[in-house]
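Open the structure in your viewer and keep the selection panel at hand. We will go stop by stop.

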Amino acid sequence: MTDSGPSGRRRSLQSAFDFLITLLLWAYFTAGFVLLFSPFYLWACLFSKNREQSFQGLNCKFYRGFFSLVRVLMPGHRWHIQPEVMTIRSSVIVCNHRSYLDSILLISLYAKHNTIVKSRLFDIPLFGSMLQWSGYIPSSSEGRFAEMMIRRLEKIKAFLDGGGNLIVFPEGTRSRNGRIGQMNKGAFKIARQCKAPIKVLFVRNTDRMFRQGSFSFHTRGPNTISLELVGGVDW
C-alpha cells in the first residue's frame, strides 16, 4: 500500500525539491563552466606561462563558486571549516573520504594545489585533458600512465617548496560505513622524500548531503559539515 497521506505528500515534495536543486547545481557545472569560466581556461591554455598553476587556480575558483551556490540553495546544511585548515601551505594533506564532494571541497580551499586522481578519469573527453593540464597525478603507474606519473612526481618537491599543497585521500575510495579504510602509504612516502609536512584533515557529514548511490543531493538538514585539522607530522 502506498502512503497517500500528508507524510507521503511531504516526501514526494521533498524528493521533487531535491531533484530540482540537483539540476540547478549540475547546470552550474555545465552552463556555468561554458558561459563563465571557459574563456579564462582558454586564455590560460593558450597564453599562460605556467598553465598548470593557472588551471589549478581556476579549478579552485570554479569549485568555490559551486559551494557558494550550495550554501545558498541548502541552508539546512551548515559548514564549519577550521581556520587552521585554510592556512596550510607547502604540505601533503591527507584526509578521510566520505563523499564525492570531499575532493572538490579541498580543491576549493587552495589555489595552488595538486592531487592524485583515479587514472580512468583521464580517459574522459575534455575533462581528462583538463586534469592533465592541471598537472594532476594519475593513481596508476601502469601502461601509458607510467611516464605521466614519473613526470609529475619529479616536479612535486619544487611544487611543495613553492607553497603548493598535495591533496591525497589515502583510503583511495569513499568509506561505505563511515569508518577509516586501509591507508595507501604513497602519500607518506612522498612527504618523507620531499621533507614536506603532513597535515591530517578529517571531514564529517558530506555523505549526508550527497549520499552514495543517489543521483540527487539531500537538501534537508539539520546537518553540519565540518573539516578539521586533527594532526600532523614534521620531518
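Which helices do the buried residues of α1 pack against? They pack against α2 (51-73) and α5 (127-133). Keep in mind throughout that this is a predicted model.

**Stop 1: helix α1**

Select residues 6-47, which form helix α1. At 1.5 Å a residue, its 42 residues should span 62 Å; the end C-alpha atoms are 59 Å apart, which agrees. Now centre on Phe37. Here α1 bends by about 60°. A proline, Pro39, follows within four residues.

Next, colour the buried residues of α1. Among them are Gly8, Gln14, Asp18, Ile21, Thr22 and Leu25. Further along the list come Tyr28, Gly32, Phe33, Phe37, Tyr41 and Ala44. An α-helix has 3.6 residues a turn, so residues three or four places apart point the same way.

**Stop 2: aromatic pairs**

The whole structure holds 22 aromatic pairs. Show Tyr28 and Phe66. Their ring centres are 6.4 Å apart and their planes are at 45°, so the pair is tilted. Tyr28 is in helix α1 and Phe66 in helix α2, 38 residues apart, so the pair links distant parts of the chain. Tyr28 counts as buried at 12% relative accessibility. Phe66 also counts as buried, at 1%.

Move to Phe55 and Trp133. With ring centres 5.9 Å apart and planes at 75°, this pair is edge-to-face. Phe55 belongs to helix α2 and Trp133 to helix α5; 78 residues separate them. Trp133 is partly exposed, with a relative accessible area of 28%.

**Stop 3: a charge over a ring**

Select Arg71 and Trp79. Arg71 lies over the face of Trp79, at 4.6 Å from the ring centre.

**Stop 4: backbone in the loops**

Most residues other than glycine have a negative phi, and most peptide bonds are trans.

Go to Leu126, in the loop between β3 (113-117) and α5. Leu126 is exposed, with a relative accessible area of 55%.

Then pick Lys195, in the loop between α7 (186-194) and β6 (198-204).

Finish at Pro222, in the loop between α8 (206-209) and β7 (223-233).

Definitions and conventions
Residues are numbered from 1 along each chain as its sequence is written. This is a predicted model: local features need pLDDT of at least 70, side-chain atom pairs count only at pLDDT 80 or more; totals for chains, interfaces and linings use all residues. Side-chain values use heavy atoms; hydrogens and water are left out. Helices (H or I, at least four residues) and strands (E, at least two) are DSSP runs, numbered from the N terminus. The expected span of a helix is 1.5 Å times one less than its number of residues. The bend at a residue is the angle between axes fitted to the seven residues ending there and the seven starting there. Buried means under 20% relative accessible area, exposed over 50%, partly exposed in between (1.4 Å probe, protein chains only). Contact means heavy atoms within 4.5 Å. Rings of Phe, Tyr and Trp (its six-membered ring) pair if their centres lie within 6.5 Å; planes under 30 degrees apart count as stacked, over 60 as edge-to-face and the rest as tilted. A charge sits over a ring if NZ of Lys or CZ of Arg is within 6 Å of the ring centre and within 35 degrees of the ring normal.
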